Amino acid sequence: MTEASGTHRPINWLAEIPEYQGLWSWVTSIDHKQLGIMYITSALFFFLIGLVLALMMRIQLMVPMNHFVSQDSYNQIFTMHGTTMIFLMGMPLLFGFSVYLVPLMIGARDMAFPRLNSMGFWVYIFGALMLYFSFMGGGAPAAGWFSYAPLTEKGFLSNPGVDYWALSLLVIGIGSVATGINLIATILTLRAPGMTLQRVPLFVWMMLTTSFLVVLSFPALNAAIIMILFDRLLNTHFFSPAHGGSPLLWQNYFWFFGHPEVYILILPGFGVVTEVIPVFSRKTIYGAGFLAASTVAIGFLSFGVWMHHMFATGLGFSVLYVFALSSLFIAVPTGIKVWTWIATMWGGSIRFSTAMLFATAFIIQFTIGGLSGVTFAVIPLDWQLTDSYFVVAHIHYVLLGGMMFAMISGIYYWFPKVTGRMLSEKLGKWHFWLMVLGFNGTFLGMHILGVFGMPRRVWTYPYGLPVVSALNLFSSLSAFVLAGSIVLFFWNMAHSFVKGKIAGDNPWEAWTLEWATTSPPAPENFDRLPPVYSRRPLWDLTHAAQEPKPAAQESTHTEPDSGSEPGEQP
Amino acid sequence: MIKNRVLVGMILFVASESIFFLMLVLAYVHFHNVTGATAAAQLDPIKTGLFSIALFSSSFTMWLAEIARKKENAALVRLWLFTTIALGVTFLTGQGIEYARLLMNNITISRDLFGSTFFTLTGFHGFHVLIGLLLLLLMFGLAVAGRKDEPTHVGMQSVAIYWHFVDAVWLVVFSVVYLWRYV
């Protein structure tokens, strides 16, 4: 596999590809790799902004009765932090990974609809700019990332912040649906010869499920957002109790979108670690079929659990029981996944590269976050803990300790492929340990804060609460360690992009198709594709002498339509 | 499984839009116990029903246009596309007349929950009909002035999927909004 580095290749750095030079090529590009890089770069930029907002909150909460920011600004800060991290950081980051990797992994030239892909990206950028313009347009939204009615009604928040929030999310939502449709069409119609659905990498399976969730859940958010916009701009009464409207309707709509949304965010993370762990354990993934099936199961179940976000709203007991049960049930397929990752590592010859370290920490932290999540399915505990810091701890364990650790693992893993240069492992290990310490220091104590009754979204807290004060101080100090580790990460990326070691085609000796092309891949992706007889085409390539199995070609499943649209696919 | 990416894309888009309309219909249904009386008093199921027949039959003519395209009968493609457009315009005209009458009676989007839910739901449906008409006009323009193989069969199929979807949504909306009083 490594013999490829012996052949003479003039281009082994992203900045040397002629087609990618000049700013204009990045504005007009419809190349899935460029758009993927732009998605990821923008997402990481908003990650920094979200981090700054988070630090402002932690400084405010460092000591009791602090006046670092005003009460009103604090509301704006946590609203913008949540909205930024979910819609401007999380979603674009996973879309960046998927539009970059999915065509490469299935051996396609580009996405099914390259222009739609570009539209999805630019619509996201404009939506993001519109959201941040609210600071200049009369005040940022201040109703939290889920913008509960009737607080969002004109009578309660009269500045235009919520209008910007709604418009921006509507625009981003439309772009997300477009990208979701694009990804599904790509996966279903553009697979290389031999690449059946049973043979695509599991990352692709997870992205397929995620895309279905995007396509089917975002319209609920869009519909709700249109209603709140009409309420505010056209004086309709959907969510206004004074005119007979129903605030609970908003909650139902929002969480019908919102619960699939958390799986939209985490499934790509699952996909990343499912690619990383086998490569660095030098074993095939354990129970690939179970992993794919449990992903699909999560996809279906995620539409049936939304009311566990609303246990405190006075639903009838029959409703409570049904949704408590379904919420307990959805933990099962997730547990299957954790099991298969551990079983894959078991007995493997593990190389603890930085990517593998992040994937390992992901398993542990996500399990903690998952367990605290199941807590909310237990109705009495939910009533006790809802709207407390326990929820904050939970969401950060699954999204930062889970999704973000997985995505960072993916960045360490695929950075050589994208840029042609290796990230520094030395800086990477420093980044990893500082981030693990900073992250757990910041959020582990919040579980206890929540149990002690500290409500979320409070601006400050009184003197004389020993546990609360000490834990908040510790959390704030740890947040700076976390922020420092992120700075180190960005420095690592910037430095390695220019000075990093040349990667070569396949530095990790991985098995999936994206490693069969050059690093960075040429604009046309592949000179020629290796034949695909199994889930690990590159393994087959190096071990081809033993057993070439052309019989596998006559698979019964969906043959890709490489010939059905002549002229479309060069 | 469908292997054409355009059709896959359109089917997924329609699936996504179905959820969108489902939410709008649910909002209407949610408030029906408050708004049902106004709906019964102000809406005219017979008149709107007649205009609805125009929309329903346009699905049929669209199907005929698609068959004509498959058989490469250019004259029939033009004829049936034109009929489909005419029927779609008839439906929108009917909706415009109805809106005008309601507004004359001071039923506006901001007056009460009936106005809010009714105009949002039917308005978004009308908007989708309008988009469909633009797509059909595009097809018709290609049929009249396009190259020999235009509109392509796949193009016709995908527009047809969208048009049948708009039609099916109206079937649900009409039943819920106009016919509920008879239940």
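**Entry 1: where the chains meet**

Before counting anything I wrote down the rule that two residues are in contact if their C-beta atoms, placed from the backbone, lie within 7 Å. I also noted that this is a predicted model, in which local features need pLDDT of at least 70 and side-chain atom pairs count only at pLDDT 80 or more, while totals for chains, interfaces and linings use all residues. Residues are numbered from 1 along each chain as its sequence is written, and chains are lettered from A and ligands numbered from 1 in the order in which they are written.

How many residues of chain B are in contact with chain A? I found 23 residues of chain B in contact with 31 residues of chain A. On the side of chain B that touches chain A, the elements giving two or more residues are helix 1 (5-30) and helix 5 (113-145) of chain B. Helices here are DSSP runs (H or I, at least four residues), strands are runs of E (at least two), and both are numbered from the N terminus. Helix 1 of chain B gives the most to this side, with 14 residues.

I then sorted this side of chain B by class and got 13 nonpolar, 7 polar and 3 charged residues. For the classes, Ala, Val, Leu, Ile, Met, Phe, Trp, Tyr, Cys and Pro count as nonpolar, Asp, Glu, Lys and Arg as charged, and the others, Gly among them, as polar.

The model scores ipTM 0.93 and pTM 0.92. Next came pLDDT, the predictor's confidence in each residue, from 0 to 100. Chain A averages 90, with 94% of its residues scoring at least 70. Chain B averages 92, and 99% of its residues score at least 70.

Which element of chain A has the lowest mean pLDDT? Among the elements of chain A it is helix 16 (residues 537-542) with 83, while helix 2 (residues 32-60) of chain A has the highest, 96. In chain B, helix 2 (residues 32-42) has the lowest mean (87) and helix 1 the highest (95).

I flagged two stretches of chain A. Over residues 1-8 of chain A the pLDDT stays under 50, and the model has 9 contacts there beyond four places in sequence. Over residues 550-570 of chain A the pLDDT is below 50 too, with 23 contacts beyond near neighbours in sequence. A reminder to myself: where pLDDT is low, the predicted coordinates should not be read in detail.

**Entry 2: the overall build**

Chain A has 16 helices and 0 strands. The radius of gyration of chain A (taken over C-alpha atoms) is 24 Å, close to the 25 Å that the globule rule gives for 570 residues, so chain A is as compact as a globular protein of that length. The globule rule is 2.2 Å times the number of residues to the power 0.38. The C-alpha atoms of chain A fill a box of roughly 70 × 50 × 45 Å along the principal axes.

Chain B comes to 6 helices and 0 strands. The C-alpha trace of chain B spans about 55 × 35 × 25 Å along its principal axes.

**Entry 3: two helix pairs in chain A**

The axes of helix 6 (residues 202-233) and helix 7 (residues 247-281) of chain A come within 8 Å and cross at roughly 160 degrees. That makes helix 6 of chain A roughly antiparallel to helix 7 of chain A. Axes are lines fitted to C-alpha atoms, for helices over the stretch in contact, and angles run from 0 to 180 degrees between N-to-C directions. Angles under 35 degrees count as roughly parallel, over 145 as roughly antiparallel, 65 to 115 as roughly perpendicular and the rest as oblique. The residues of the contact of helix 6 with helix 7 of chain A divide into 24 nonpolar, 5 polar and 2 charged.

The axes of helix 8 (residues 288-301) and helix 10 (residues 331-345) of chain A come within 9 Å and cross at roughly 155 degrees. Helix 8 of chain A is therefore roughly antiparallel to helix 10 of chain A.

A cis peptide bond joins Ala149(A) and Pro150(A), with omega about 0 degrees. Pro150(A) is found in the loop between helix 4 (114-133) and helix 5 (161-189) of chain A. Ser147(A) is in the loop between helix 4 and helix 5 of chain A, and Ser147(A) has a positive phi of about 45 degrees although it is not a glycine.
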